[in-house]
Amino acid sequence: MPLEEALERILGGARPTGATDELSLIDALGAVLAEDVISGIDVPGDDNSAMDGYAVRGEDLPGPLPISQRIAAGAVGEPLQPGTAARIFTGAPIPAGADAVVMQENCSVDQGGLLSVDGTVTTAQNIRPRGQDIAAGAVALSKGRRLRPQDLGLLASVGVARVTVFRRLKVAVLSTGDELVEPGTADLAGGQLYNSNRFTIAGLLARLGLEFVDVGIIPDDAQATAKALLRASELADCVITSGGVSVGEEDHVKAQVEQIGHIDLWKLAIKPGKPLAFGAIGDTPFIGLPGNPTSVFATFCLVARPFLLKLQGATDCRIPELTVTAGFATAKSSPRQDHVRVSLESGDEGLVARRFANQSSGVLSSVSQSDALAVVPPGVVVSEGDKVQVLLLDLLA
């Protein structure tokens with residue numbers, strides 16, 4: 001199934017739980033607003049100065065003008081006397097009667113304390129009007145907004161200390177495979193691998209502000225797989241597995257989900273990450289990621305991430321794209337949409353994408369050492385110098 005069609009189907013079925021919490025701003029990073037936040041004040045609350053300088057009346061210029069008062073940020077000056085200027089600092093309220101602020105670099109004060117102004121001064125110059133940022137009664141941030149650091153600052157600027165957000169999702173994660181060993185617990189025997197996928201997924205969930213519920217490593221056994229999946233579905237709002245959804249005889253996850261729940265789609269026309277499964281166990285959504293480390297990362301970012309964001313209540317689940325110049329070429333087209341791991345370099349015409357040498361789905365260093373995934377649509381051959389779309393890893397993870 002093409003990625004776009006799969007996402008449409010998957011996101012179409014994502015329904016937030018509706019449960020909410022009230023958090024202090026300091027704890028709300030990454031949370032999703034459950035209601036609009038309405039500003040109760042104008043920001044700024046007064047017409048104020050955009051810089052250090054002198055508040056004047058345009059009709060009194062070019063001067064010279066005596067300086068009648070000094071207004072610092074946090075202080076309120078007296079009405080400006082005609083024929084005078086007020087020394088003013090950034091953020092200080094504009095005194096009544098003044099209609100412009102002249103930056104101090106365009107002013108000179110003689111030994112007698114008289115101000116002269118160089119250049120033309122226009123009405124409202126360097127004045128930030130009351131409510132320029134946010135007006136009282138306006139929506140500061142809308143329901144469904146996933147809070148970023150700058151959003152927390154914006155909410156603080158309107159006096160909000162606590163927000164109502166959708167309760168953080170719990171995501172149960174299972175790793176499958178007899179070959180897996182947790183790092184730090186044992187030395188590897190022949191044929192064994194350290195379980196890197198558990199930590200990749202845990203980190204990706206943490207970046208989304210979601211709770212990681214570790215169900216552990218499940219052996220390649222049908223009964224054990226079914227038991228673990230049922231337990232996971234009872235513990236969390238979503239179940240994610242890595243491995244066990246391909247076509248091998250020891251791939252039990254997909255078959256057991258079909259026994260105890262249902263699979264809505266299986267196999268995507270993407271590379272890496274073809275064997276992805278999506279369905280549910282009871283009322284709990286299920287996402288079966290492939291087992292290869294790079295495929296886990298790619299399919300989580302491309303499919304699981306937008307689904308979990310919508311399930312969390314976020315209204316914007318887009319994957320931001322950036323257009324850059326290809327510093328690589330593809331030998332032939334593919335029926336699947338490829339996501340080439342690339343690093344980004346500055347070139348004469350902007351950013352250039354350089355292909356990581358080894359694109360194997362088992363080479364996790366190709367993700368760790370890359371900046372982005374370059375999107376090569378099905379049936380397209382890329383030549384060096386072509387324009388390509390890339391997905392920045394720092395915005396995906």
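# Exercises: helix pairs and sheets

The axes of helix α4 (residues 222-235) and helix α5 (residues 253-260) come within 9 Å, crossing at roughly 60 degrees. This is a predicted model, in which local features need pLDDT of at least 70, side-chain atom pairs count only at pLDDT 80 or more, and totals for chains, interfaces and linings use all residues. Residues are numbered from 1 along each chain as its sequence is written, and side-chain values use heavy atoms, with hydrogens and water left out.

**Exercise 1.** Describe how α4 meets α5.

*Solution.*
- Step 1: the terms. Helices (H or I, at least four residues) and strands (E, at least two) are DSSP runs, numbered from the N terminus. Axes are lines fitted to C-alpha atoms, for helices over the stretch in contact; angles run from 0 to 180 degrees between N-to-C directions.
- Step 2: the angle. The axes cross at roughly 60 degrees. That makes α4 oblique to α5. The classes: under 35 degrees is roughly parallel, over 145 roughly antiparallel, 65 to 115 roughly perpendicular, and the rest oblique.
- Step 3: the hand. α4 passes α5 in a right-handed crossing. Right-handed means that the near helix is turned clockwise from the far one by less than a right angle; anticlockwise is left-handed.
- Step 4: the contact (heavy atoms within 4.5 Å). From α4 come A222, T225, A226, L229 and L230; from α5 come V253, Q256, V257 and I260.
- Step 5: the classes. The contact of α4 with α5 has seven nonpolar, two polar and no charged residues. Here Ala, Val, Leu, Ile, Met, Phe, Trp, Tyr, Cys and Pro count as nonpolar, Asp, Glu, Lys and Arg as charged, and the others, Gly among them, as polar.

**Exercise 2.** Repeat the steps for helix α3 (residues 196-207) and helix α6 (residues 293-312).

*Solution.*
- Step 1: the axes come within 11 Å and cross at roughly 30 degrees. α3 and α6 are therefore roughly parallel to each other.
- Step 2: α3 passes α6 in a right-handed crossing.
- Step 3: α3 brings S196, N197, T200, I201, L204 and L205 to the contact, and α6 brings P293, V296, F297, F300, C301 and L308.
- Step 4: these residues divide into nine nonpolar, three polar and no charged.

**Exercise 3.** What is the strand order of the open sheet that includes β16 and β13?

*Solution.*
- Step 1: the rule. Two strands pair if DSSP finds at least two bridges between them.
- Step 2: the order. Six strands run β16-β13-β17-β21-β20-β18, with mixed pairing.
- Step 3: the edges. β16 (211-218) and β18 (262-266) each pair on one side only.
- Step 4: the twist averages 20 degrees from one strand to the next.
- Step 5: one pair. Strand β13 (residues 170-176) and β16 are parallel, over seven bridges. V173 has D214 of β16 as its bridge partner.

**Exercise 4.** Trace the open sheet that includes β7 and β4.

*Solution.*
- Step 1: six strands, mixed pairing, in the order β7-β4-β6-β5-β9-β8.
- Step 2: the edge strands are β7 (100-103) and β8 (107-109).
- Step 3: neighbouring strands are turned by 40 degrees on average, direction ignored.
- Step 4: strand β4 (residues 53-56) and β7 run antiparallel, joined by four bridges. V56 is bridged to A100 of β7.
- Step 5: strand β5 (residues 65-71) pairs antiparallel with strand β9 (residues 114-117) over two bridges. P66 has L114 of β9 as its partner.
- Step 6: β5 runs parallel to strand β6 (residues 85-88), with four bridges. I67 has A85 of β6 as its partner.
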